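Student: I am new to this structure and would like to go through it with you. Could you show it to me, please?

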Amino acid sequence: MEVSWWCSARPISWSWDPQFFPGIWIVMLCIIGSYIFVYIKSSKKNSSLNSEIATNKEKLSFISGWLLLWIMTDWPIGVLGSGYLLSAHMLQYVIYSLVVAPLLVGGISKPMISYYKDLWIFIPFRFLTSRPFVCFVAFNIVLAITHIPYFTDILKPLQLGQMLIDVLWISAAMLFWSAIGSFDDQSDVSLARAQKLLYIIGITLLPTIPGAFFVFSDFPLYTTYEFATRVFNGLSAREDQMYAGLIMWMGMTPILLIRLAMAFFSWSESESRRAGTID
Amino acid sequence: MNIKNFAVSIFRIAQHFVHRFIISKSTPITYQISIIFSLVFFATICITCSSEDRMFKEDSLERDRLSGIRVDGFVQRPDFILQDTKGNSFDFQQETSGKVTLLYFGYTNCPDICPVHFSNIAAALDQSPYEVRNGVEVIFVSVDPKRDSPQKIREWLDFFDTGFVGLTGTDSDLEIAQNAAGTPAAFVSEVYENGYSIAHAAWIFLYTQDDSLYLKYPTGTRQSEWAHDLKALVLQN
């Protein structure tokens, strides 16, 4: 039985024997523990009112996001992504950024936030989430830095390095999705929805840059994955890298198109309403 | 000043800077867009620069930029006879003379170094022009005759490239071959419940057309480095 703090790239053959990562379990328990703690505290403060502190939909959203985060971080996907398959690494990134983060953000209700938003520790978070442009830039800087081969090859063999990558990915993605809500604070609903649309379009374009590098490069870009022992017979490091690029393109696109469609119909509805009012 | 006040002060300075120069409502949208594109450009440059060295090597096929470790002096192509995977006698010196030859001593049950080496060589040759693919002979000598039958060696090599040559022999023949190549003989290093592992040379020896040992390639040689070096050595004979 192998036990380590966090997944990392190691120079050993891939095995389907389970591996245990107490660090991941502790972090996951802290996340769900914090949610329950905030929920209970907020409920007590809110006891005078008869309304629920979070709806069942919000609770379900958070729990499913949390479960998916655990699945993507722990064995086997986490181990494969940290040192064996670039495609698994890319799958982690796509799921973290486009599924886990919006589910987690969607699970935190406004009453839960309102009780803690004035704490000094949340000041930077409040500052950032009220400025979508900054979150957009932060999300893309994290995307770029964590995919530069030089940095990735240094961080991946270290347990703390891989942990840093995971934390950066999920934090940047949560900031990005939290910031979308700040568009709704504007008085002009139609303009807010149009901006939201542009914001999501912007995020679909930039990941195609590293995706193109992966698909069209003649040789593997990352030594971590080039020298990893093969997990599946017949899947070379070069092919794995190509699949990673395709996941970046194809995997991100449908998920973002759904979000885009939601934002578009919402914007179109508000436009129709406004036109109706004017008529 | 406690930590909290210090953090808040730093944060307020940063907030002022970011607000003033990046996100102020008075900041023109063109300025904001130019920042985004600058960042994208910066990221692209970073990614490009990190592989600049490899790209440079691919563009300049010079023998003084080879990645392998150069062997001082003239070391002749070794002379030994083993058995190939069809059961025929294979005279290494005679069969490979005048060709760029890669010689490796390993075993098919090797969990890491052997498959990674061969996978990378096969991938590099796959990306190389026909003249290079045709001008390189890759020889794998199994140092585990107990488990590696000629058929097993063939199947293992075919997984990478059907053109790779597999050789085996008796323990004494293999020892002679390793000594001739100037590498210590492989030996059983660890015995497990279901088998054993073998300690063997991790180098790949490269012999040039003039039948001398020119370079040794350690574990960790990248596909791009193989592609560059083989191209340089075959085409710039």
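Student: What is the bridge partner of Asp84(B) in strand 6 of chain B?

Tutor: The partner of Asp84(B) is Leu167(B). Strands here are DSSP runs of E with at least two residues, and helices are runs of H or I with at least four, numbered from the N terminus. Please keep in mind that this is a predicted model, where local features need pLDDT of at least 70, side-chain atom pairs count only at pLDDT 80 or more, and totals for chains, interfaces and linings use all residues. Residues are numbered from 1 along each chain as its sequence is written, while chains are lettered from A and ligands numbered from 1 in the order in which they are written.

Student: How do you know that strand 2 of chain B and strand 6 of chain B pair?

Tutor: Pairing requires that DSSP finds at least two bridges between two strands. Strand 2 and strand 6 of chain B have two bridges, in the antiparallel sense, so they pair. Strand 5 of chain B runs parallel to strand 6 of chain B, joined by three bridges, and Val141(B) stands opposite Leu167(B) there.

Student: What makes strand 5, helix 7 and strand 6 of chain B a right-handed unit?

Tutor: A crossover is right-handed if, with the strands pointing away from the viewer, the path from the first strand over the helix to the second runs clockwise. Strand 5, helix 7 (residues 150-158) and strand 6 of chain B make such a right-handed β-α-β unit.

Student: Which way do the residues of strand 6 of chain B point?

Tutor: Val165(B) and Leu167(B) point one way, Gly166(B) and Thr168(B) the other. In a regular strand the side chains alternate between the two faces of the sheet.

Student: Why is chain A called as compact as a globular protein of its length?

Tutor: Its radius of gyration, taken over C-alpha atoms, is 21 Å, close to the 19 Å from the globule rule (2.2 Å times the number of residues to the power 0.38) for 279 residues, so chain A is as compact as a globular protein of that length.

Notes:
Buried ≥ 20, exposed ≤ 12 C-beta atoms within 10 Å, placed from the backbone.
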